[in-house]
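Welcome, and thanks for taking a look at this protein with us. Have the sequence and the model open side by side as you read.

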Amino acid sequence: MSHLRSLSTAGFALAAGAVLALTVGTAAGTAALTTTAVTAATPPAVSTAGFPAGGRDPGIFTDTCTRSRTAPNDPIMMPGMTGMSMQHDFFGNPAVIASSTAATLRGGRTTCSTAADSSAYWTPVVYQHGTPLTPSRTLLYWRAPAATASATHAMPEGISLIAGDETATAPQSTSVVDWTCTTTPADRRPSRSAAPHDCTGGAQLRLVITFPNCWDGHTMDGRDRSGAVYATAAGCPSSHPIQIPQIVMHVAYPTSSGAGITLSTGPQTQGPPVTGHADFVDGWQQTRMAADVSACVDAQVRCGPVRGEQAVPQGGRQR
């Protein structure tokens, strides 16, 4: 995984009681984050004894999910409009429908490796020569760069986010959407590009989507994308000063060929692969999210996969 560009630390202050107040450098003055968004209490301890330090690589934990369903629904962009969206592959909570919200998802079942994550994640369906490809594996990275890891806050409870552009007419930046291959013993760092390409040595084609990692402190609905932006080389902007874990979603498909790849654009239509994107509605158990962010991301520890009801880190690295 490529090294994330360094970010500057956003200033913040803890207020007494159950409210976390952050000073925001905008005309709005100060935004308050209540416990409905961020847990202010100290998260439960997580043992990471013997786990590798991040070093130059990001502190990280991972979550693996299988496809839960495929349906023409989009709870963020087209809430309640059942059957009217493009076809999406959903991962995580299998009960997700067009009207799902973070509140309806939280505490539900999941196809992810930890029961603490009942979130919904989705991507457009990938087709090859007109035939839909069933994702073989979806790996989620939760990370922050070494330079600012200690300033990372847990993902705000109930937030939704979108990465990538479903209306793109030209290749998107590979820092947001890129096509690569799964790793093999012979190729630990496969090439990345803006378009699907052939894989060798038994590797599978993989779509990688990187989410924004700077939050404005109050916007929870990802529909207009105003609440979260990407950090630049200068760090998180004053309008979005709160660094949150960056989700990087890796979806592998059972093909080694990049030929004939299209993406869903409607309930029954397909288009070019430049429209890659992904969506996330947070259904994490907040205390477990906060614990893993504190122990792994903030502390710059490579915690590897998290498993079970308590999202216990297993250590090491996973690609």
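What follows is a short briefing on the chain as a whole, its disulfides, one serine and its aromatic pairs.

This is a predicted model. The protein chain has two helices and 21 strands, and buried residues make up 55% of its 319 residues. Four disulfides and six aromatic pairs are found in the structure.

**The chain as a whole**

- Among contacts in the protein chain with a separation of 6 or more, 74% are between residues 24 or more positions apart.
- The protein chain has an accessible surface of about 12500 Å², and carbon and sulfur atoms account for 55% of that surface.

**Disulfides**

- If you number the bonded cysteines in sequence order, they pair as 1-2, 3-4, 5-6, 7-8.
- Cys-65 and Cys-112 are joined by a disulfide with an S to S distance of 2.0 Å. This pair links distant parts of the chain, 47 residues apart: Cys-65 sits in strand E3 (residues 59-65), while Cys-112 is in the loop between helix H1 (102-105) and strand E6 (120-124).
- The disulfide of Cys-65 and Cys-112 is right-handed because the torsion about its S-S bond is about 95°. Both Cys-65 and Cys-112 are buried.
- Another disulfide runs from Cys-181 to Cys-199, with 2.1 Å from S to S. Cys-181 belongs to strand E11 (residues 177-181), and Cys-199 lies 18 residues apart from it, in the loop between E11 and strand E12 (205-210).
- The link of Cys-181 and Cys-199 is left-handed, with -90° about the S-S bond. Cys-181 has a relative accessible area of 7%, so it is buried, and Cys-199 is buried as well, at 9%.
- Cys-214 and Cys-236 also form a disulfide, 2.0 Å from S to S. Here the partners are 22 residues apart, with Cys-214 in strand E13 (residues 214-215) and Cys-236 in the loop between strand E14 (228-229) and strand E15 (242-243).
- The torsion about the S-S bond of Cys-214 and Cys-236 is about -80°, so this disulfide is left-handed. Cys-214 counts as buried because its relative accessibility is 0%, and Cys-236 is buried with a relative accessible area of 13%.

**Ser-68 and its surroundings**

- Ser-68 is part of strand E4 (residues 67-71).
- Beyond its neighbours within four places in sequence, Ser-68 is in contact with Phe-90, Phe-91, Gly-92, Asn-93, Pro-94 and Thr-111.
- Gly-92 is 24 residues from Ser-68 in sequence, and the two are 6.1 Å apart in space, C-alpha to C-alpha.

**Aromatic pairs**

- The structure holds six aromatic pairs. One of them is the stacked pair of Phe-61 and Trp-142, at 6.0 Å centre to centre and 5° between the planes.
- Phe-61 in strand E3 and Trp-142 in strand E9 (residues 137-144) are 81 residues apart, so to speak bridging distant parts of the chain. Both Phe-61 and Trp-142 are buried.
- Phe-90 and Trp-122 form a tilted pair, with 5.3 Å centre to centre and 40° between the planes. Phe-90 comes from strand E5 (residues 88-92) and Trp-122 from strand E6, 32 residues apart.
- Phe-90 counts as buried at 1% relative accessibility, and Trp-122 counts as buried at 0%.
- Ring pairs also link Phe-61, Tyr-121, Trp-142, Phe-280 and Trp-284 into a cluster.

Definitions and conventions:
Residues numbered from 1 in each chain as written. Predicted model: local features only at pLDDT ≥ 70, side-chain atom pairs only at ≥ 80, totals over all residues. Heavy atoms only, no water. Helix = DSSP H or I, 4+ residues; strand = E, 2+ residues; numbered from the N terminus. Buried < 20%, exposed > 50% of the residue type's maximum accessible area, 1.4 Å probe, protein only. Contact = heavy atoms within 4.5 Å. Areas by Shrake-Rupley, 256 points an atom, 1.4 Å probe, with all protein chains shown as cover. Disulfide = S-S within 2.5 Å. Phe/Tyr/Trp six-rings, centres within 6.5 Å; stacked < 30°, edge-to-face > 60°.
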